[in-house]
Every structure is written in structure tokens, then in C-alpha cells.
Amino acid sequence: MKNHQRVALITGAGQGIGLEIARLLSVNAHHVIINDIEKSLTEEAVSDLLNTAKGKVIGVSGDSGNPETILEMTDMAAHEFGKLDIAIANAGITLYGNFMEYSFEDFMEVMRINMAGTFFLAQSAAQMMKKQKDGGSLLFTSSVTAHQAHKNLAAYAMSKAGIEMLARNLVIELSEYGINVNTIAPGATLTNRTALDKDYENTWSRITPMGRPASVKDVAHAAMFLVSEEARHITGQNLIIDGGWTSISPSPY
């Protein structure tokens, strides 16, 4: 019997934006495969999502910049559900550093996880979607730093701008298979990580035109739309979710 529930895979989903996207997908009757590099976060996220999920939730722990982990995730989709409809490359790292002193090792790690992880997840998912002949949706997580300069984030910003260009380029290669590909670019967002900065919310509320930083729900709802059936004719686009910050770009420093 054919499985009519859509199947989604999302990396970096142990907490923050990724977890909230996974939550929204799962409560809307998607089967969800979630990934985080930390096993404890993956397990906690699966347990959390199962409380409200209307589909299956499976966790795959591992480094999403590692081709073996990527293959494990797509193989899991094939084995458990026989298909993959949505792949969201959300995992990423931020390694701050002054450009004049930035190390080769930090640069390569940012590129490996942010760019290579996105590229090869998209490749593996697209290969599976092509075989299915039903198309699918790819979504990448970029950042407002791909559009506006931020202090000590040259490598990170470069990686995110590259991800946006990848999405545009894949329009040429994937549209014939019914696969659309887009990016979201969150701005300042309240997460477990940003909450560690006691000044974060006040600073970004002051300089964001809408008067507050984004919540993870703000970003998740935008992501949900771009991977929905209603957005299948939208491809090669980037959606900035920043409360208007990039329109005027006041410095947080």
C-alpha cells in the first residue's frame, strides 16, 4: 500500500530552529527523520516530538558534514518509508574570529559543515527524489549574514552566501525532476544558544523594525510554507526572516 504521508529529513534538529521546524512538520502529519551531531539532543528531541506527532519520528545522530551520516539518513528514509519528499539542510556552525587572525582549521570546518553538508545532503536527497519520479522539496538554512556584513563572521557569511547560490544553481539541474529548492535566511532569533547572551533580546528588539527578534516559530512557519505543496512552483528563492532588519541594517555593536 502506498504511503501518502509526506516524509521529511532535517539536519541540526536537536534544538532551536531545526527542532521547531521538525515539530511543525510532525504535528502536520509528516513522518520526520531528525538529525543532530549530539546523540543526547537527538534522543531528547525525538522524545519531545513524539508527544504531539501525527507521524513517525526517527532520530539519526551524527555529523551532517560527513557523507556517511548523510547516506545513513537517506537510507533510513528509503528503508522505513520507501521515499523522501522533503530534505532540509539546517545544520551549521558559527566560528567567530577576526579575519586577520582566522585559522585555516576553523575556516575549513565552517565550510565542511555549512557548505559541504548542505551540498551533499541535497545531492543524496535529489538522487532519491529523481528515482521516485514524484519530485520533492529541498530547503537550505542561510542567514542575514549572507546579505549584510557582521563583525568576525567573514567565513560564516561566505558559507551562507554560497548556500544561497547553490539553491539558485540547482534550479538548472533539478527542475526537470520536479524538485524545487529554496533557502531561508533567519536574522536575530531567540534560541537556547542566543539566550545565553543576557543582552541579546534587548539589543535586537531595539534595532529590529518589528520591535523584537524572531522566535523559532517565526522561522519554522516560513520553512513549512516553502516545503509545502502550495509552494511547489517557487524555486531558487531566498526568504529573509528578520523583522525588517536588513532593510535598514543598524549595527548591534
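Which residues is T246 in contact with, leaving aside its neighbours within four places in sequence? The contacts of T246 are V144, Q148 and I240, where contact means heavy atoms within 4.5 Å. T246 lies in helix α8 (residues 245-248). T246 is buried, with a relative accessible area of 16%. Buried means under 20% relative accessible area, exposed over 50%, and partly exposed in between, with a 1.4 Å probe and protein chains only.

The structure is a predicted model, in which local features need pLDDT of at least 70, side-chain atom pairs count only at pLDDT 80 or more, and totals for chains, interfaces and linings use all residues. Residues are numbered from 1 along each chain as its sequence is written, and side-chain values use heavy atoms, with hydrogens and water left out. Helices (H or I, at least four residues) and strands (E, at least two) are DSSP runs, numbered from the N terminus.

An open sheet is formed by 7 strands. Their order is β3-β2-β1-β4-β5-β6-β7, and the pairing is parallel. Two strands pair if DSSP finds at least two bridges between them. At the edges stand β3 and β7 (238-241), each with a single partner strand, so one side of each has no neighbour in the sheet. From one strand to the next, the twist averages 15 degrees. Axes here are lines fitted to C-alpha atoms, for helices over the stretch in contact, and angles run from 0 to 180 degrees between N-to-C directions.

Strand β2 (residues 31-36) is mostly covered, with 6 of its 6 residues buried. In a regular strand the side chains alternate between the two faces of the sheet. From β2, H31, I33 and N35 point one way. V32, I34 and D36 point the other way. Strand β1 (residues 7-10) runs parallel to β2 and is joined to it by 4 bridges. I10 stands opposite I34 in β2. Strand β3 (residues 57-61) also pairs with β2 in the parallel sense, over 5 bridges. N35 is opposite V60 in β3, and the bridge partner of D36 in β3 is S61.

The unit made by β1, helix α1 (residues 16-27) and β2 is right-handed. A crossover is right-handed if, with the strands pointing away from the viewer, the path from the first strand over the helix to the second runs clockwise. The chain then crosses from β2 through helix α2 (residues 39-49) to β3, and this crossover is right-handed.

A8 lies in strand β1. A8 is buried, with a relative accessible area of 0%. Not counting residues up to four places away in sequence, A8 touches L25, H31, V32, I33, L84 and I86. E164 is 156 residues from A8 along the chain, and their C-alpha atoms are separated by 21 Å.

Helix α4 (residues 104-132) has 29 residues. From its first C-alpha to its last, α4 reaches 40 Å, close to the 42 Å expected at 1.5 Å a residue. The expected span is 1.5 Å times one less than the number of residues. α4 bends by about 35 degrees at A116; the bend is the angle between axes fitted to the seven residues ending there and the seven starting there. Just after α4, K133 takes a positive phi of about 65 degrees.

α4 lies across β1, β4 (86-89), β5 (136-141) and β6 (179-186), and runs at about 175 degrees to β5. Helix α5 (residues 154-174) packs on the sheet, touching β5, β6 and β7. The direction of α5 makes about 165 degrees with that of β6.
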